[in-house]
Amino acid sequence: MAQIQYEDFSKVKIHVGTITNVESFPEARKPAYKLWIDFGEGMGVKQSSAQITNLYDQEELLGRQVLAVTNFPPKRIAGFRSEVLVLGVDTENGEVALIQPDREVPRGRRLY
């Protein structure tokens with residue numbers, strides 16, 4: 001894999017947000033949730049779709065902090081506007097485990 005420079009990494013804006021609302025997303029091709037994530041005063045609430053239904057129930061996602069890429073252009077997924085990319089790691093079974101801070105941090109803080 002090719003190496004990148006720090007300047008390349010610094011172009012990707014990854015921020016912490018708190019999930020404030022979760023809905024089922026039956027229109028999606030693969031099982032997914034619609035998420036509303038609050039990134040604080042500077043960015044506000046952004047929407048995202050996430051295929052995390054195998055590991056997470058809707059109720060346990062509420063109030064959870066997650067990391068997301070916040071500077072991709074919005075994308076339409078089955079008619080839903082996804083504004084950020086929630087970050088996760090695939091398990092040995094191909095499910096997605098969310099990436100989150102190991103302690104509560106202020107919303108909107110940037111990963112560096």
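This report describes pockets, salt bridges, a surface patch and some chain distances in a predicted model.

**Pockets**

The largest pocket has a volume of about 500 Å³. Its lining is made up of 23 residues. Ser49, Gln51, Lys75, Ile77 and Leu85 are the ones that lie nearest the centre of this pocket. Four strands each supply at least two residues of the lining: S3 (45–50), S5 (75–77), S7 (85–86) and S9. Strand S3 gives the largest share, which is three residues. Sorted by class, the lining of the largest pocket contains 14 nonpolar, five polar and four charged residues.

The second largest pocket has a volume of about 150 Å³. The residues that line the second largest pocket are Lys30, Pro31, Gln51, Ile52, Thr53, Asn54, Leu55, Gly94, Glu95 and Val96. By class, this lining divides into four nonpolar, four polar and two charged residues. As for the way such spaces are found, rolling a probe the size of a water molecule over the atoms shows where empty space is left.

**Salt bridges**

The count of salt bridges in the model comes to four. Among them are the pairs in the table, each with the distance between nitrogen and oxygen.

| Asp38 | Arg107 | 2.4 Å |

Asp38 forms a salt bridge with Arg107. Asp38 lies in strand S2 (residues 33–38) and Arg107 in the segment after S9, so this pair ties together parts that are 69 residues apart in sequence. Asp38 has a relative accessible area of 15% and is therefore buried, the cut-off for buried being under 20%. Arg107, at 41% relative accessibility, counts as partly exposed.

Glu83 is buried, because its relative accessible area is 19%. Arg81 has a relative accessible area of 38%, which means that Arg81 is partly exposed.

Asp102 is exposed, with a relative accessible area of 70%. Arg103 is also exposed, with a relative accessible area of 58%, the cut-off for exposed being over 50%.

**A nonpolar surface patch**

Which residues make the nonpolar surface patch of about 610 Å²? They are Ile4, Tyr6, Phe9, Leu111 and Tyr112. Leu111 is placed in the segment after strand S9 (96–98). At 35% relative accessibility, Leu111 counts as partly exposed.

**A positive phi angle**

Most residues other than glycine have a negative phi. In this model, Ala78 has a positive phi, near 50 degrees, and is a residue other than glycine. Ala78 lies in the loop between S5 and strand S6 (80–82). Its relative accessibility is 44%, so Ala78 counts as partly exposed.

The separation of two residues in sequence can be set beside the distance between their C-alpha atoms.

Glu23 and Leu35 are 12 residues apart along the chain, and their C-alpha atoms are separated by 6.7 Å. Glu23 is placed in strand S1 (residues 14–24). Glu23 has 36% relative accessibility and so counts as partly exposed.

How many residues along the chain separate Leu87 and Asn71? The two are 16 residues apart, with 13 Å between their C-alpha atoms. Leu87 lies in the loop between S7 and strand S8 (88–90). Leu87 is partly exposed, with a relative accessible area of 23%.

Asp57 and Lys75 are 18 residues apart along the chain, and 24 Å separates their C-alpha atoms. Asp57 lies in the loop between S3 and helix H2 (58–61). With a relative accessible area of 47%, Asp57 is partly exposed. Lys75 is also one of the residues that lie nearest the centre of the largest pocket.

Methods
Residues are numbered from 1 along each chain as its sequence is written. This is a predicted model: local features need pLDDT of at least 70, side-chain atom pairs count only at pLDDT 80 or more; totals for chains, interfaces and linings use all residues. Side-chain values use heavy atoms; hydrogens and water are left out. Patches are made of residues with over 30% relative accessible area and no salt bridge: like charges are joined within 9 Å, nonpolar side chains (Val, Leu, Ile, Met, Phe, Trp, Tyr) within 5 Å. Accessible areas come from the Shrake-Rupley method with a 1.4 Å probe; for residues, only the protein chains shown count as cover. A salt bridge is a side-chain nitrogen of Lys or Arg within 4 Å of a carboxyl oxygen of Asp or Glu. Buried means under 20% relative accessible area, exposed over 50%, partly exposed in between (1.4 Å probe, protein chains only). On a 1 Å grid over the protein atoms alone, a cavity is a set of points where a 1.4 Å probe fits but cannot get out, and a pocket is an open set with protein on both sides within 12 Å along at least five of seven lines; lining residues have an atom within 4 Å of a point. Grid points are joined across faces, edges and corners, and a volume is the space filled by probe spheres set on the points. Ala, Val, Leu, Ile, Met, Phe, Trp, Tyr, Cys and Pro count as nonpolar, Asp, Glu, Lys and Arg as charged, and the others, Gly among them, as polar.
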